[in-house]
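Please examine the sequence and the structure shown below. The paragraphs that follow lead through the contacts between chains and then turn to annotated segments.

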Amino acid sequence: MGIFESHSPKGPLADKWVNHKNKIDLVNPANKRNIDIIVVGTGLAGGSAAATLAELGYNVKTFCYQDSPRRAHSIAAQGGINAAKNYQGDGDSVYRLFYDTIKGGDYRSRESNVYRLAEVSGNIIDQCVAQGVPFAREYGGLLDNRSFGGVLVSRTFYAKGQTGQQLLLGAYSAMNRQINRGKIKSFNRHEMLDIVKVDGKARGIIARNLVTGELERHSAHAVVIASGGYGNVFYLSTNAMGSNVTAGWKIHKKGAYFANPCFTQIHPTCIPVSGDHQSKLTLMSESLRNDGRIWVPKNIEDAKAIREGKKKPTELSEDERDYYLERRYPAFGNLVPRDVASRAAKERCDAGYGVNKTGEAVYLDFSAAIMRYGKEAATTQHLSNPSEDQIIKLGKEVVEAKYGNLFQMYEKIVDQNPYETPMMIYPAVHYTMGGVWVDYNLQTTIPGCYAIGEANFSDHGANRLGASALMQGLADGYFVLPYTIGNYLSQDIRTGAISTKTAEFDAAEKEVRERLEKFVNNNGTKSVDHFHKILGKIMWNKVGMARNAEGLREAISEISALREEFWKDVKVPGNAQEMNPELEKAGRVADFLELGELFAKDALDRKESCGGHFREEYQTEEGEALRDDENFMYVAAWEYTGNPSEAILHKEELEYEDIEVKTRSYK
Amino acid sequence: MNLTLKIWRQKNAETKGKIVNYSVADIEPDMSFLEMLDVLNEQLIMKGEEPVVFDHDCREGICGSCSLQINGEPHGPDRGVTTCQLHMRRFKDGDTITIEPFRAAAFPVIKDLVVDRGSFDRIQQAGGYISVNTSGNTQDANSIPVEKENADMSFYAATCIGCGACVAACKNASAMLFTSAKVSQFSLLPQGEVEADRRVLAMVEQMDKEGFGNCTNTGACEIECPKGISLENIARMNREYMKASVK
Amino acid sequence: MAKSALLKSSLAKKYWMAFSGLFLCLFLVGHLFGNFQLLLPVGDAARDQFNEYALFMTSNPLIKVLSYLTYFSIIFHAIDGLMLTIRNRKARPQGYVNFKPSANTVWASRNMGVLGTVILAFIVVHLYMFWGQMKFGELKDNLYTTANDQEVADLYTLTIQTFQDPQMGLIWAILYGIAMLAIAFHLSHGFASGFQSLGVNHPKYNGFIRKIGYAFAVLIPLGFAIIPFYIYFVLDKI
């Protein structure tokens, strides 16, 4: 071990990546043929990395729990992907994207990584277009852009409301090409259940075939974890049902530090919870905030009347509405970053102004946009003296063209027509900025084990800006990891094939098998979901959008107690030698029950408010986040010692050479 | 509401399956169809029975995992939605709902309602890509303008989520809509046109090898497709294939 | 690859299905216009005209080529259809307990095989009744000379007598009517489907093709079906 060192290259910020690439060791093509790499997870990061590594000549094995790599949850990303192309000529540049990302992340990310991210962002778009990703275009045939929350330029490339899907299909098609060439072996419906270390280095994994239940040993010269985020620790989130922390947590337990677990993004525009049966939350693209205005009633009586169904939102006049984001943040208005918008919604709802039956929803209103677009359309169509009905009709057409699929989705779920009555939205857990700690080369503290995409602690600091997750996943997978991993593998060219018939593999497999057997033989009385839901409630109420020391302490002891009960009383039907989704869930929830505790511990330890982490004790008089750069400008990297509560904190101090650290203000 | 469910249960690929009847109570109209199945499964687990296994993941209609044949139609009676987006308000108290796996020789049942759609992956592996390496030195994204109409059509073809509803709905279990959507996405773009011939020949060959049926233009696929992929894509593939074959 | 692709692949089978089917549509038009001569008032003129036409259709070398192409198309269309059906059956060995195709398809499109079989049976009977009699049966040996000095078989009288037969005439007319109904349904799907299989699909013209298809599917079989009833009910008895 002993590699808890950022390895950020020296030299001017703008030259670091180029200099680093020029100096790192390469593996010659003949030797690449003898080197195996395992990639766990096939989303944007894993899929793009697997394809690129295979193109370079390495033998790649990919693993995903879904039935096809194409189903990884990157597919659900809606809004878009940022790139500093400056196609709109609105003053964008690599530096500005870098600056926005650092600022958006509330100065808790590593400067050199973020600059590199901004630097390769343009290449991503070039690469994706070459692959046939059908981005939105203008009539001139060139690519279209839109703006997103937290920035002042239009740099977001998109494919309607399905950008993630299109980018993932791009990476998947690149993978397919390599599968066809025999350079990638794709293990679908397989779940990694442990990492195998030989002489301190990552040398393979134990994976369970989810169809047959068999445990399989796979060896490699390096292991790449690209398994996404851990938002499902909250039970309800916008993550897929199967999204889990298991791969990241297993390597954490084997020596990889886990960084900033408390940095979690709560997305402001999700469809509110409708009842206890709810299994997941649905995001509405942030792009809606470009045209929608967010409000709650000004008078608390009106809010009450609406909740009780006695009043309709459309009955309230302009004066009776509180457009609280526009009121509090005149410069950015409804386009403030996600953490700010989410907290503001919670603040209003906590104060009693929520508008659905649970009191946890605010309005996102398109009536002003419909009027505005309607008037524009009337002008372009040379209608003199259009009636209000005509304007509304034209406006609805424009709004439908822009957001039709989202409106339709909303109507399907909520059974209300958002063209007629304002949408209801509420924040929901969406993305986790924290994750496995990695250095500049994306290597974890286990030599030969890498983490990319959302699985690592990433480039987003304490808060991620919209349309940056896709950018980071693809940057890591296409343009960073395939180079940096060569530096490590160049030392491995004489190792030869790695045997799976060793004591290390025996031990790891045994451990995994015993745990699976424990589950199916436990004969408890409560289902896995029962525990997961309780964990989610603890997390949401005490480790959610606003946290305080007392609540966090409670959370830690409650989670710890819940974990104990889980192991005693969980009931997993069926056996381990067959397809058994309950068994899969049990393993994942067991890991969430450990992560949740570390999460709360990290939140308790960080005695400041920054980005997505808001401690009630640390706020300004106006209720804005109060950062403490003096004491907390570091990455909290936790080392596992046998119990989450006893994890050891390692600090990576953050240094900003090229940027002035300021208080984030969107006023 | 209270419902009777007739669900296909099958232990694994080797054993024979059968329809088993279940009843569920107190289903709320706001629940999604899969949440209704969650309720059933919770009930079964508590009774010590094996829960019904079904594919699902994102539960927002984009990953393409969920795949149920509900009352004789893939993804149920609603149009333009996947099973996970189907809500129980679509059903009435006392209804009987039949739930079966997607049926096709190329989609063998793995367990209960879960089928193996690996054949779709293999069709795409045969040629569903543009042969371009990752380099960071491909030409600038704006160097080749693409007619907006073509870009949009390519996008609509690319919205296919690979769920297999087209195969499930087709009386011939044909995979033409799926395959043609992939062929179209690439052939409509200048970037993909270069290897269009090779692609369509290889993908159709693989499609045939997998044992899918032939297209008889009944149009069931287009109607049941949760993403509304158009039959136009099939015609385009027919053209592309003819062009490639006579060369 | 390209060569075998044009013979063996599932798409190519559909091309041939479409080519042969659309060719047969052309044949139907020609056949119908020939048949309309049966509507002429009964008499020697009508008899001569029709029988001379029949002779022309069976002896002109160019028409001969076309008719062989027609026979071939019918046989090929049937065999190709059979092969497609067999493969389609194999593609879903285990059916659904509950399958609701009426929710997303029209009846004709799902029953092209059944309709095709009915049509094939009709063609066999039809050929036996008229063409067979002319080529191999009694008619062949009982030629007569028309006003234009042509030696012809009297197919006209056979046809009129068949449909005016006091016992069987109406039954034949009804059976022919049913066969035409099968052709109508077959065409209602097949006409537009042929274009789709050949890749002719454009949002601008699809509606037009479909409408022409429906019009074709109604008018042509209707034209055929009218004739036997007209002969039975309207035409003077021979």
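In this predicted model, 40 residues of chain C and 42 residues of chain B make up the contact between these two chains. On the side of chain C that touches chain B, the elements giving two or more residues are α1 (2-8), α2 (10-35), α4 (61-90), α5 (107-110) and α9 (169-197) of chain C. Of these, α2(C) gives the most, with six residues. Sorted by class, this side of chain C holds 19 nonpolar, 14 polar and seven charged residues.

Chain B also meets chain A: 62 residues of chain B are in contact with 64 residues of chain A. The side of chain B that touches chain A receives two or more residues from each of α1 (33-46), β6 (109-111), α2 (118-127), α3 (148-158), α5 (176-187) and α6 (190-193) of chain B. Here α1(B) provides the largest share, six residues. In terms of class, this side of chain B comprises 24 nonpolar, 21 polar and 17 charged residues.

An unreviewed UniProt entry lists residues 65-86, 107-131, 170-191 and 212-235 of chain C under "transmembrane region". What share of residues 65-86 of chain C is helix, and what share is strand? The span is 100% helix and 0% strand, and its end C-alpha atoms lie 31 Å apart. Residues 107-131 of chain C, also listed in that entry, are 96% helix and 0% strand, with 33 Å between the end C-alpha atoms.

Methods:
Residues are numbered from 1 along each chain as its sequence is written. Chains are lettered from A and ligands numbered from 1 in the order in which they are written. This is a predicted model: local features need pLDDT of at least 70, side-chain atom pairs count only at pLDDT 80 or more; totals for chains, interfaces and linings use all residues. UniProt positions are given in the numbering used here, feature names are shortened, and annotations may be inferred rather than shown by experiment. Helices (H or I, at least four residues) and strands (E, at least two) are DSSP runs, numbered from the N terminus. Two residues are in contact if their C-beta atoms, placed from the backbone, lie within 7 Å. Ala, Val, Leu, Ile, Met, Phe, Trp, Tyr, Cys and Pro count as nonpolar, Asp, Glu, Lys and Arg as charged, and the others, Gly among them, as polar.
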